[in-house]
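Here is a note for a colleague who is opening this structure for the first time. The points below may be followed one by one with the model in view.

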Amino acid sequence: MHTAQVKAWGQPPQYLEINDPAPTPESSEIQIRVSALGLHRVVRSRAAGTHYSSKNLPHTPGIDGIGYDPDGRAVYFSTLGSGRGTYSSTVNVPATSVTLLPAGVDQLQAAALINPGISSWMAMRNRTTKLPANFSVVVMGATSASGTIAIELARALGAGKVVGVARNEEKLAALDLDASILLRSPATETDFSGLGDVDLVLDYVYGPPAAHLLQSLKSSRPVQYVHIGALDSTEMNLPAAILRSKDLTIRGSGLGSWTPQQVEAEIPELLQAIKGIKKREVKEVPLSQIEKVWNEKGDRIVFVP
């Protein structure tokens, strides 16, 4: 089979041909014929060796994909539980990590959107408690790949008001938001005074912007803050007075705060939600060209073996 492998952390993957045995009869795995693989932010950081889940070399990129099971059915599959990469023409996957693709789901869209969608979906479904009906949510980093999907998934899960925060004013204006806030530099120049009551913060930014937001909150209701990404910084200085003066719950969302098995349980409903969101432009690239496009900017590359 053909596969992509990283030989040194930070170097583009090489396209190689290797032997990959089929699953044994006593194995709980099935072999998937891969048809589409998204190039996600987490895939890039794992291949660079900078992600906390990066393990050993050589490293096969990828944590999920779209393909066909032994019966020829289109499926979504994940290797979060097994730890294997997915950037190959065939992948052996635990049968429990495979979900039938609903009718009408575009394979390229699914490959591009499911992984970035998982971040906010798991945050809302597994890292919050008792969100009220028509809850109000602030998406920090709303113009990022995951942030734009979070807006639509929040509405699918019952959000009545979605506020987006980001640095790109033009991109903010193009999003389906009830309100938007321009993130300024320094972060303390950002005006959060008009937020009002907030039930949930989904944060892909972290660092000083998140600290300033939490300090600025004047919600009369309990606020649940969920850290998902760190587009600004991996550290935040949070004064103790903020925790004492507000009804604030702080959690993180990522592998470790939830298990691969919990993700697998959510995939069928997430796939239905993905089916209903706006289509994104994707760039379809043969996996054999991975070295050429690896360092291109953007979050919408989908490799096809």
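1. Two strands are said to pair if DSSP finds at least two bridges between them, and helices (H or I, at least four residues) and strands (E, at least two) are DSSP runs, numbered from the N terminus. The model is a predicted one, in which local features need pLDDT of at least 70 and side-chain atom pairs count only at pLDDT 80 or more, while totals for chains, interfaces and linings use all residues. Residues are numbered from 1 along each chain as its sequence is written, and side-chain values use heavy atoms, with hydrogens and water left out.

2. Strand 3 and strand 4 (residues 64-68) pair in the antiparallel sense over three bridges, with arginine 33 opposite tyrosine 68 in strand 4. Strand 3 also pairs in the antiparallel sense with strand 6 (residues 90-94), over five bridges, and here isoleucine 32 stands opposite valine 91. With strand 15 (residues 301-304) strand 3 forms an antiparallel pair over two bridges, where leucine 37 faces phenylalanine 303. Strand 3 (residues 29-38) is mostly covered, since seven of its 10 residues are buried, buried meaning under 20% relative accessible area, as against exposed over 50% and partly exposed in between (1.4 Å probe, protein chains only).

3. Glutamine 5 lies in strand 1 (residues 2-5), and it counts as buried because its relative accessibility is 11%. Its side chain makes a polar contact with the side chain of lysine 7 (3.4 Å); such a contact is a pair of N or O atoms within 3.5 Å, where within protein one must be able to donate a hydrogen and the other to accept it, and residues adjacent in sequence count only if both atoms are side-chain atoms. Leaving aside neighbours within four places in sequence, glutamine 5 is in contact (heavy atoms within 4.5 Å) with residues including Pro13, Leu16, Ile18 and His59.

4. An open sheet of six strands has the order 10-9-8-11-12-13, with parallel pairing. Strand 10 (179-182) and strand 13 (248-252) are at the edges with a single partner strand each, so one side of each has no neighbour in the sheet. From one strand to the next the twist averages 15 degrees. Within this sheet, strand 8 (residues 136-140) and strand 9 (residues 161-166) pair over five bridges in the parallel sense, and valine 163 is the bridge partner of valine 138.

5. On a 1 Å grid over the protein atoms alone, a cavity is a set of points where a 1.4 Å probe fits but cannot get out, and a pocket is an open set with protein on both sides within 12 Å along at least five of seven lines; lining residues have an atom within 4 Å of a point. Grid points are joined across faces, edges and corners, and a volume is the space filled by probe spheres set on the points. The largest pocket has a volume of about 990 Å³, and of the 36 residues that line it, Arg41, Val42, His51, Ile228 and Gly229 are the closest to its centre. Helix 2 gives the most to this lining, with five residues.

6. The count comes to one cavity of 30 Å³ or more, and the largest cavity has a volume of about 60 Å³. Helix 7 provides the largest share of its lining, four residues.

Technical notes:
Axes are lines fitted to C-alpha atoms, for helices over the stretch in contact, and angles run from 0 to 180 degrees between N-to-C directions.
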